[in-house]
Amino acid sequence: MNADGDIRGAVHSNVRHDSARGHVTGVARYIDDMPLLPGTQEIVLVTSPHAHARIVSIDVSEARAMDGVRGIATAADIPGHNDIGPIFEGEPVLADGIADYAGAPVVAVTADTYDQARAAAAKVVVEYEELTPVLDIEDALEREQYTYPPQIMTYGDPDASIAAAPRRIKGELRCGGQDHFYLESNIALAVPRDDGDLDIYSSTQHPSEVQHGVAHTLGVPSNAVTVEVRRMGGGFGGKESQPTIIAAIAALMADITGRPAKLRLRRDDDMIVTGKRHDFLFRYEAGFDETGRIAGVDILMGMRSGNVADLSPGVLARALCHADNCYYLPNARLSGYPCKTNTVSNTAFRGFGGPQGMIVIEAMLEHIARELGMTLDGVRAVNYYGTEDRNVTPYQQTVKDNIIVPLVERLQAEVDFDGMSKAVDDFNASHTTLKKGLALMPVKFGISFNTPKLNQAGALVHVYADGSVHLNHGGTEMGQGLFTKVAQVVASVFQIDHDNIKISATRTDKVPNTSATAASSGSDLNGMAAFNAANTIKDRMTGVAAEIFDTNADQIEFRQNRVYAGNESLSFAELAEQTYNRRVQLSAAGFYSTPGLHWDAKSLIGNPFYYFTYGAAIAEVVIDTLTGESRVLRADILQDCGNSLNPAIDIGQIEGAFVQGQGWLTSEELVWNDKGQLLTHGPSTYKIPGSRDVPPVFNVHILDDAPNRFPTVFHSKAVGEPPLMLAISVWLAIRDAVSRISDHRLLPKLDAPATPEAILMAVEDIRARD
């Protein structure tokens, strides 16, 4: 029996992902699996080979004459606006006059087959005049070249507090970017309809953004464009803004030819053309006392924004808002610089700046620990946020739900952290080549979009006369189980089996003006919107039931697929039919907006998060000091999910996020040459974690008896992004292993990712200094 009685698939129960069988058997249909309509065209892009160049001329005459070619487009052929920037203007669909990164789309070619389009694209002649590119963060900082104004967050008096502190440190750190490497690359299919309308099938986390971008490109109103998304083969943030340009090009070619047009990027092209996680350069200074308690910090964050702003403003704001992680900073200056470089525009990625903000504060605390001869956990203990005082963030939001200390202590007790530490010490005492490291990582992650207007969602629920239910909402499914969770919410409201809920594709003509499925808020927003819609219908059905049973509405109870009034009852389906017969509406649109949020994007002050979610992980690693190779031997995780809507799906999200974070911090290295061309654009050169990289001992637990203190849907908490940052424990454990070579006297010089080459250089450096 589950928490809601005997119905199958209620909230808080382990319900299988709605597409699980389809994923395993291969019958789940993605856009590229859709049968092609007659006359469907395939599109291939001609992209710039130069990081920064003036487009002198474009000759498409030979390409246009080739077999099967139906259309060729440049920026001059766009009927509307050549701009799909999600926040700031200046992000072209096709490069116009200037190509500002290697991989920028310049020409689109469409033909009857992919091979014909590719052959024709190879015949397009573009003459360029190369210009001097800016390729790294330092160069952009020196030139003060940014995609939008820097963001400076100040709390207290950091200069005076650092100067007056008994101890001070300075340091520098870098963390790399990360490619999303979703299984399904970016793809869009545009199908012309009557009266110039278009249907767009897009692999996107943000259907409304695609709708707006396509309409803007074609110069038509949004109601002329309908976007549909049934599922994505992974997203991770890479399909929040990036699919807009793919859909816009597909729509442009469909508009030009009058035929359906499909643009699908090969893996190499997807990695070259689309954005990634932002890499950062950090410079920090801190003042503290002899116990390790921080008096003040000054942190510079240089972020590679890329060629245009894209979503960088939000990413940088969230990085600044997570530079505190779990720690009270009484005086802080957090300075963010969105560096404009001639590389692809970086974009959203799971965590959205949070991982970068957290990694620098953890490195700073480790630096303090080494300076004082303390343990990292000892330094953390004197800096954790309090519950009654020392609980205001640098952006002046009071932390009201802090549970990090008891959560960490519980995890340490359950895994016998002291025993693990002694075992690592014993191993290292008897081994000279192999060295083990051990580290804990606590996480406090804010839930909500930093931009308040995005914290809204809609849903549409129909109850049919036979008692079956149709569900639609503005969230998108990318494998994370959102559709399943929202269906569980509706099933629980109506108290009917989950099997009776029909999940349907997200469509902009059913639920309009949606926000992206991002910021870990998919279930919070769409679940509550569906909850409200279902309750509206339930209230109407309750009124009908009260008439049938000749009783008051408060005597009506929905339970176990039936509706009761004392000892009398009828089935949910029977009540649905009676409701229809009495001409009472069985359809409702639901809406939800997150309360209590406000944010000043200029002063960087406000209440940007509805609540925080907490977690902790302990990682044990071993490194080979002769080769630099590393292996994660064990990971133990305790994650706060509130009252989990679906523990099985949440555990899957925790496991996947942790391993993805492990890849970012250890093996996934993006490399550009001195001409700004990406060299790591496929699985042969870009190493994502494989099955053998998963810790052989991998214990994941959800914190029980910890409902969300805020009134979220069934008091659950978000889970999509926060566990990724728990993987910083792996990076810290590797640093711990390197530092143990000097008996923890020295701070290792090891950035992220900690590749074998980087670890080996850090080992050799610490031996030389020791």
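I took accessible areas from the Shrake-Rupley method with a 1.4 Å probe, and for residues only the protein chains shown count as cover. On that basis the surface of the protein comes to about 28400 Å², with 48% of it belonging to carbon and sulfur atoms.

The model is predicted: local features need pLDDT of at least 70, side-chain atom pairs count only at pLDDT 80 or more, and totals for chains, interfaces and linings use all residues. Residues are numbered from 1 along each chain as its sequence is written, and side-chain values use heavy atoms, leaving out hydrogens and water.

Overall dimensions. I computed the radius of gyration over C-alpha atoms and used the globule rule of 2.2 Å times the number of residues to the power 0.38. For 770 residues a compact globule would have a value near 27 Å, and the protein agrees with 27 Å. The C-alpha trace spans about 85 × 80 × 45 Å along its principal axes.

Burial. I found 62% of the 770 residues buried (under 20% relative accessible area, 1.4 Å probe, protein chains only).

Contacts. I counted heavy atoms within 4.5 Å. Of the contacts with a separation of 6 or more, 80% are between residues 24 or more positions apart.

Secondary structure. I listed 20 helices and 29 strands, as DSSP runs (H or I, at least four residues; E, at least two).

I traced 8 strands in an open, mixed sheet, ordered β3-β5-β1-β12-β9-β10-β11-β20; pairing requires at least two DSSP bridges. I then checked β11 (residues 225-229), which runs antiparallel to β20 and is joined to it by 2 bridges. Glu228 has Arg507 of β20 as its bridge partner.

Notes:
Buried < 20%, exposed > 50% of the residue type's maximum accessible area, 1.4 Å probe, protein only.
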